[in-house]
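Visitor: I would like a close look at a single residue and the part of the chain around it. Please take me through the contacts, then the surroundings.

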Amino acid sequence: MSKGCIKDERQAYGKEILGNARCRQVRKVKPLAKDAMNVIKDAGGTPVLAHPERYYCVQERPERIYQWVMEGCLTQCNRASLEGKFGGREEITAQRLMDANLVTCIASDAHSSHTRTPWLRDIRQALSEEISPQCARLLLRDNPNRIIQ
């Protein structure tokens with residue numbers, strides 16, 4: 001907007017700029033969460049909150065996610081958070097979101113083949129044993145497929 005390429009945030013996420021892409025990502029801007037979600041919804045998209053268990057506002061008040069989910073947002077929790085690899089607050093918050101059925105899918109947050117790898121076998125095994133194989137399939141395969149279709 002500041003460079004005059006687009007007139008407002010709504011245009012940035014509309015079909016004129018993004019074409020018919022089904023996945024859109026809000027990058028490196030720090031609007032209020034509610035504002036960002038509304039821009040995405042107004043442009044015809046569905047907001048997917050990436051690793052909300054790592055947001056300070058959610059760690060302090062996990063019930064915020066309930067409201068956002070009721071307003072049409074989806075959530076993607078990181079495998080490493082559930083495993084405690086990001087710290088205790090992230091693990092506790094991730095578990096609370098799981099217990100409240102507020103996690104749409106679980107992903108790796110892969111950054112390379114060495115750190116934060118894309119492998120999900122360990123979390124699939126844990127979910128299958130601790131909850132059910134159906135839950136593992138829903139969070140690791142079915143729901144992610146629905147998001148990208």
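Guide: Leaving aside neighbours within four places in sequence, N143 is in contact (heavy atoms within 4.5 Å) with T104, C105 and L138. The model is a predicted one, in which local features need pLDDT of at least 70, side-chain atom pairs count only at pLDDT 80 or more, and totals for chains, interfaces and linings use all residues. Residues are numbered from 1 along each chain as its sequence is written, and side-chain values use heavy atoms, with hydrogens and water left out.

N143 has a relative accessible area of 12% and is therefore buried; buried means under 20% relative accessible area, exposed over 50%, and partly exposed in between, with a 1.4 Å probe and protein chains only. N143 lies in helix α9, residues 133-148. Helices here are DSSP runs of H or I with at least four residues, strands are runs of E with at least two, and both are numbered from the N terminus.

The end C-alpha atoms of α9 are 22 Å apart, which agrees with the 22 Å that its 16 residues should span at 1.5 Å a residue; the expected span is 1.5 Å times one less than the number of residues. α9 also bends by about 40° at L139, the bend being the angle between axes fitted to the seven residues ending there and the seven starting there. L139 is itself one of the buried residues of α9, along with C135, A136, L140 and N143. These buried residues pack against α7, β3 (105-107) and α8 (121-130).

Buried in α7 are E90, T93, A94, L97 and M98. They cover an arc of only 140° around the axis, so they are on the same side of α7; the arc is that of the directions from the helix axis to the C-beta atoms. Just after α7, N101 takes a positive phi of about 55°.

Of its 149 residues, 32% count as buried. Among contacts between residues at least 6 apart in sequence, 58% join residues at least 24 apart.
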